[in-house]
Amino acid sequence: MMRRLLQSMENARSRRQEPVEFRTPAEHALHEEGLFKQAIETGRTRVLITGAVMALAFAVVGIRLIDVTAFNNPSEPRVTHAVSASTVKKERADIVDRNGTLVATALKTVGLSADPKKIMDIQEAASKLAAVLPDLSAADIARKLSSDSRFVWLHRKLTPYQQWEVNRLGIPGLDFRTQETRVYPQGNLMSHVLGFTSIDNNGLAGIEKKLDQTLRSSTQPLKLSVDVRLQHIMRQELQAAVTEFDAIGATGIIMDVNNGEILSMVSLPDFDPNDAGKATDDSRFNRATLGVYELGSTFKIFNTAVALDTGTAKLSSQFDATKPLRVGRFAIRDYHAKNRWLSVSEIFIYSSNIGSARIANELGTASQREFLAKLGFLTPSSIELPEVGQPLYPKVWRPVNTMTISYGHGLAVSPIQLVSGVSAMVNGGTFYQPTLVRSDTDRNGERIISESTSNAIRKLMRLNNIEGSGKASNAKGYLVGGKTGTAEKVGARGTYRKKDLISSYVAAFPMNAPRYVVYVNLDEPRGTKKTFGYATGGWVAAPAVSQVIKQMAPMLGIPPQDPESPEIRQALAIKLPNQGKTLASF
Amino acid sequence: MINIARNDTSILGRWWWEVDRWTLMAIVTLAGFGVMLTLFASPSVAERIGADPLLFVRKQATLIVPALVIMVSVSLLNLRNIRRLAIGLLGITVLLLLATLAFGAEIKGATRWISVGGVTIQPSELAKPAFAVVAATFFSASRLGEDIPGYTMAGGLYMVLLTLLLLQPDVGQAFVLSAIWFTQFFLAGLPMVLVIVLAIISVLGLISAYFVFPHVQSRIDRFLDPASGDNYQVEQAMEAFQNGGIMGTGPGEGVVKNSLPDGHADFILAVAGEEFGLLFCLLIVGIYAFVVLRGFARVLNRNDLFVVLAATGLLVQFGLQALVNMASTLNLIPTKGMTLPFLSYGGSSLIALALGMGMLLAITRTRPGGQR
């Protein structure tokens, strides 16, 4: 068949190629000739058409090439675009410190869930899973897989490797669910400030709880006023003090006196917010804001200030401290009794309880109470934390309460309240509500004492640092001024436990123009040989304050000053009239 | 240039003066570009499948030599032997297509490949050039008044091959085959009424392909509505072209190519676009257009209807394959698994194309002394 076809083709061609030699009947030849011509003409025309169509198609491809390559089509993204972090929508916004260091963020993690109805062999699945997920027990998994529900969580946070291993088991009925997990890269460092969230990303404590809505809705990171560097210093020094004095806990605060911003807030023991479920109640307790303590002699700062500000007394006014002051069945005694009349300055630096009580007596209950209310000591702090303690004060404010409160007994406030109050005393007299959130605008404060009263308090605190109970807090060149505070803890029966102290020290620096208040308190410290068995604020808390200031001042760019220079002497000199000599900073 | 005297009457000497050296040069150039582009496009693909980075380059480079040898050897044949070769090839192809359906490996839902003596080949690639030549034989014989039912035979052959291809299924090859048959029929004097009827039938055929073959449906859906499915390769190809711009990023500097799974095969033009830019791509398009249009021009004045029909069939196959590939890479038409002639990596396709172009070169040789 094929051969015949080929043969006939060859014949046809040879006839055409040599038409002259071809001799068949004439009309046949003519017919053949015409057919051939017509066929080849049609063919040529249609080759042209085909060629034109092909040419057109190539032209279209060429034009499209130019279009795709040289003209940017906005609907088609050009190469890969880097997605900036701020445009990634997270369930919760990041939290950063005042310098932008990340302290809380959200990461995508994978959780493992199961549909128990689809698990074929519960025991096998449980033992296989337990083999690759050591933190789960086979019995526990089997119990969950035996439940009647169609959905159980088996694990909330798998590592990528664990996910791969679970996947490799090939157990039907398991499912991976991507979710956001809160991560705190600084670990324990900011535990009480940040708080933590539940596994479903609901804020349960700290800033996470108080500013839950803000964090959920914001696309921008939340900027705190806290500085992680200072937080490190504070935590390290507190830890060292806790270890040295065998304390059960400690807290430390650094506040910017000129706007109430908290640069550091540490409470020990603390916890890792990444694993808050394992934290004990004690470690979750925020001693800086939730704990309320009788803060002892540090309260004499306020007693002195209100007396000077109301004109009840002057620095040179004399009060009788010759013997313990009896009020009803109480006797108010001095820790370092001088047994003589003391000026207001001396009452402060010798920390005389008798003198303070006498000043308060002169001042009167109403004025004292009004002043303490202005300092915010009668209501819980407005700081951005849910863990704020309710201050304790007498329901009925008797004269005896007025007198004990003057030296810090009978009124309990949280350390953050105390620090805010001290800031107002040294910054020129303006009270700022404490805050953990950095704001771009200036904060508004409320004037509660005059500039000159504040000036007097600065001098007294500085003098106390040189002459009085706070010598150990000195940090050369930084003009530290402060006040110790030691209070006995109230025992279960409502009586003071003599040996269990809250020892604190509150300091400000540089005293000629204070910038920061640094506060440290130790809970139940025990004296050591080095402190001759003393566990009072001047012995255990003041050295920690000194350490913190020595490290933070260079970091914050505060230059050391010469305490002997005429300007400093002039600014901080104070007259102790009964001795007829001027005490200055030496 | 090689110095061959005009009066050299040896086989090679005649060949040298008769063959279309421009087309030959264009194809050798394309093959050279192909090896070069495989060098840039394939290492990332090879690494992804865990092979030696230069595996594809070596394979392509070692295949290109036999391919060119086959092409030149075939172009040495005279018309009678070309027809014999085509008929023989077609017979083998039909057998292989049947064998593929019976024993072939199913890859991604289609049975297109068969392993012969350890070499995997795709018989449908060989079917196209063989069919172009054989159908031209039938058409021209019938047209010139031979006493054979040429149109019926060409039509029957077409239907047999079409059925075998659709059973695989391989809609793309079936489309090219239909185009060859239709063009030859058209050139052989198909009345315009029938042209229109066939055009309507082919449109209906495409529409029914949409409903019969799920993979065709999904590809067309994704082309018409990019949001409806995964268009990953086409989107990456677009980015590659845009990243390349007019001058390209430079050899080896492309980045989008690394995320193109078929960068060495069907999407090689995108790699060329990214690294060598628009001008180079236009050069490639130009070479394909040159080969096709020059082929048409060369047979336009020939008096042998078989030459005209066979050359046109082969050119349509070659040109259409290039056009379909480039148009799908450029997102002009739905993606169609078709290689870019001589540029894409791929063994069967390269050998089949070499055979086809060898036949074309043989057919378009100027034969002043006769048509043998």
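**Pocket, chains and a few residues**

Tutor: Start with a pocket: H8(B) gives the most to the lining of the second largest pocket, with 11 residues. Helices and strands here are DSSP runs numbered from the N terminus, a helix (H or I) having at least four residues and a strand (E) at least two.

Student: What should I know about the model and the numbering?

Tutor: This is a predicted model, in which local features need pLDDT of at least 70 and side-chain atom pairs count only at pLDDT 80 or more, while totals for chains, interfaces and linings use all residues. Residues are numbered from 1 along each chain as its sequence is written, chains are lettered from A and ligands numbered from 1 in the order in which they are written, and side-chain values use heavy atoms, with hydrogens and water left out.

Student: Back to the second largest pocket: what volume does it have?

Tutor: About 1,500 Å³. A pocket is an open set of points on a 1 Å grid over the protein atoms alone, where a 1.4 Å probe fits, with protein on both sides within 12 Å along at least five of seven lines; lining residues have an atom within 4 Å of a point. Grid points are joined across faces, edges and corners, and the volume is the space filled by probe spheres set on the points.

Student: Which residues lie nearest its centre?

Tutor: Of the 43 lining residues, those are Phe175(B), Ser178(B), Ala179(B), Ser202(B) and Leu206(B). Helix H2 (26-70) of chain A is among the elements that each supply at least two residues of the lining, and so is helix H12 (305-329) of chain B.

Student: What lies in H12 of chain B?

Tutor: Val324(B), for one. Val324(B) counts as buried, at 9% relative accessibility; buried means under 20% relative accessible area, exposed over 50% and partly exposed in between, with a 1.4 Å probe and protein chains only. Val324(B) touches Phe175(B), Ile333(B), Lys336(B) and Met338(B), leaving out residues up to four places away in sequence. A contact means heavy atoms within 4.5 Å.

Student: New topic. How many helices and strands are in chain A?

Tutor: Chain A has 20 helices and 20 strands, and buried residues make up 54% of its 586 residues.

Student: And chain B?

Tutor: Chain B comes to 13 helices and three strands, with 57% of its 372 residues buried.

Student: Which residues of helix H3 in chain A are buried?

Tutor: In H3 (residues 122-132), Ala125(A), Ala126(A), Leu129(A), Ala130(A) and Val132(A) are buried. They are on the same side of H3(A) because they cover an arc of only 165 degrees around the axis, taken from the directions from the helix axis to the C-beta atoms.

Student: What is on the face turned away from the buried side?

Tutor: The exposed residues Gln123(A) and Ala131(A). The buried residues pack against several elements of chain A, including strand E2 (102-114) and helix H4 (138-145).

Student: Last one. Is Leu375(A) buried or exposed?

Tutor: Leu375(A) is buried, with a relative accessible area of 1%. Leu375(A) sits in the loop between helix H14 (365-374) and helix H15 (399-406) of chain A.

Student: What does Leu375(A) touch?

Tutor: Not counting residues up to four places away in sequence, Leu375(A) touches Phe302(A), Gly421(A), Met425(A), Phe431(A) and Ile448(A). Gln433(A) is 58 residues from Leu375(A) in sequence and 9.4 Å away in space, C-alpha to C-alpha.
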